[in-house]
Amino acid sequence: MKFFLKTFGCRVNQVESQALFEEFLRAGWTQTFHLEEADLCLLNTCTVTHQADKDVEKLIRQILRRNPSARLVLTGCYAAAHQDHIRQTFPQSQIVGKYELGKTLFQKEDVCWTVSGHEGHSRAFVKIQDGCDCFCSYCIVPFARNVKRSKPVLDVVAEVAALVQKGFGEIVLTGINIGNYRCPQSGQDLAGLCRELEKLPGRFRIRFSSIELQTVSEGIVEAMSARPDRFCNYLHLPLQSGCDSVLKAMNRHYDTAQYAQKVAQLRARVPGISIFADVIAGFPTETDADFETTYQFIEQQKLCGLHVFSYSPRPLTKAAAWPQLDAAVIKARAERLRALDSVLRASFAASLVGTEQEVFVEEHSPQGLRAVTSNFQQVMLQNAPQGLQGLLRVRIVRAEGALCYAALLDSPKK
């Protein structure tokens, strides 16, 4: 039996798909990348934007046209949030919740948590948490994943230890809202999990995926400060807007003063930390003045880079019912923010010239060895020996735009 597996969207989906991929192989299936050959087509879907919905539906139509006899299974956020639409538009498909996939496909319990590696990746991603019930007024995710779950501490530690043994030098802790992590057995929070991960032997580092400002506890800051060899000096703190009135309309649970205070605290406590942020352009209540306030706030905070989203109304969300901004206005604001992102990234890269950094090898290319620093700066090592892997010490010698170039200082250590 052959399976076709397609993943849309976030890192969490990618981890879940890797777990499903491994489960298919254990069950004796063979993967195919050709729709026409598949006995089963499984789409792990995303619905965070209107474009994500369109991408999923385009592939569904291709499958139904090119391989109508295949079993078509939809899971993930698009499948969870749009069930009535799917049943009406694509009645041939089967909707299966993420936590029912094990029983439906493999006669097992949860199969979307644990991975033994990552196909095609040099770093490993470990899913520690799922679900969010914040209900920001623009976000559809709580309508698809509102039940909060966390992986037991002992299971996380065992998974990380196994991945380190396999040679993964960087482990990314990921989830829908990782700051809400709470071990179902011991009650330990994310800081407690960090304390357990500190104890593991070996030369490897932990990176946090996106984490909400208000969940960055004193314990997390302390772990990052005390063990820079174990926890990356990097955080992705979603901002979404730098205007307090817009943040309130978004139902975000902080204001710009609190954001600025947290950024200052992190920079004071964690040497060399880089802070990146999400920001939304064109939220329905955002005026021209509000946008300028956001732009100036980001400049003032000297963030290291942005992930810019153009607002698109999502079904079920409160903001979707409000009067929407003109598409041209949204596009223009997004372009300005992306131009600012380029400036911020170039400034961050330039600030590292002359410093020594520990980098993780991501890939080898004809141009040289590509790596990433603990604080998430992309680095190229030219004329480096072939076959280098893992963590290396380098000196940053120059920056060109958002890319740094470095000289090797040592060889990998175990």
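This is a short walk through one protein model, from the whole fold down to single residues.

First point: the model is predicted. Keep that in mind throughout.

Let's start with the whole. The protein has 13 helices and 17 strands. How compact is it? The radius of gyration is 22 Å, close to the 22 Å that the globule rule gives for 414 residues, so the protein is as compact as a globular protein of that length. Along the principal axes, the C-alpha atoms fill a box of roughly 60 × 55 × 45 Å.

Of the 414 residues, 53% count as buried. The accessible surface comes to about 18,200 Å². Carbon and sulfur atoms hold 51% of that surface.

On to one helix. Please find α13, residues 327–351. It has 25 residues. From first C-alpha to last it reaches 36 Å, close to the 36 Å expected at 1.5 Å a residue. Which residues of α13 are buried? They are I330, R333, A334, L337, L340, D341, L344, F348 and A349. Note R333 and D341 in that list. What covers these buried residues?

Is S274 buried or exposed? S274 has a relative accessible area of 0%, under the 20% cut-off, so it is buried. Leaving out residues up to four places away in sequence, S274 touches N233, Y234, L235, C304, F348, N375 and F376. F348 is also one of the buried residues of α13.

C41 sits in strand β3, residues 40–45. C41 counts as buried, because its relative accessibility is 0%. Again skipping residues up to four places away, C41 touches F4, L35, I63, A70, R71, L72 and V73. K2 is 39 residues from C41 along the chain, yet their C-alpha atoms are separated by 8.9 Å.

For contrast, look at S69. S69 is in the loop between α2 (50–66) and β4 (71–76). With a relative accessible area of 69%, over the 50% cut-off, S69 is therefore exposed. I273 is 204 residues away from S69 along the chain. Their C-alpha atoms are 53 Å apart.

Last stop: backbone angles. Most residues other than glycine have a negative phi. Two glutamines here have a positive one. Phi of Q107 is near 55°. Phi of Q240 is near 75°. Where are they? Q107 is in the loop between α5 (101–106) and β6 (124–130). Q240 is in the loop between β10 (234–236) and α10 (244–249). Which one is buried, and which exposed? Q107 is exposed, because its relative accessible area is 63%. Q240 counts as buried, because its relative accessibility is 7%.

Note on methods: Residues numbered from 1 in each chain as written. Predicted model: local features only at pLDDT ≥ 70, side-chain atom pairs only at ≥ 80, totals over all residues. Heavy atoms only, no water. Helix = DSSP H or I, 4+ residues; strand = E, 2+ residues; numbered from the N terminus. Buried < 20%, exposed > 50% of the residue type's maximum accessible area, 1.4 Å probe, protein only. Rg over C-alpha atoms; globule rule 2.2 N^0.38 Å. Areas by Shrake-Rupley, 256 points an atom, 1.4 Å probe, with all protein chains shown as cover. Contact = heavy atoms within 4.5 Å. Expected span 1.5 Å × (residues − 1).
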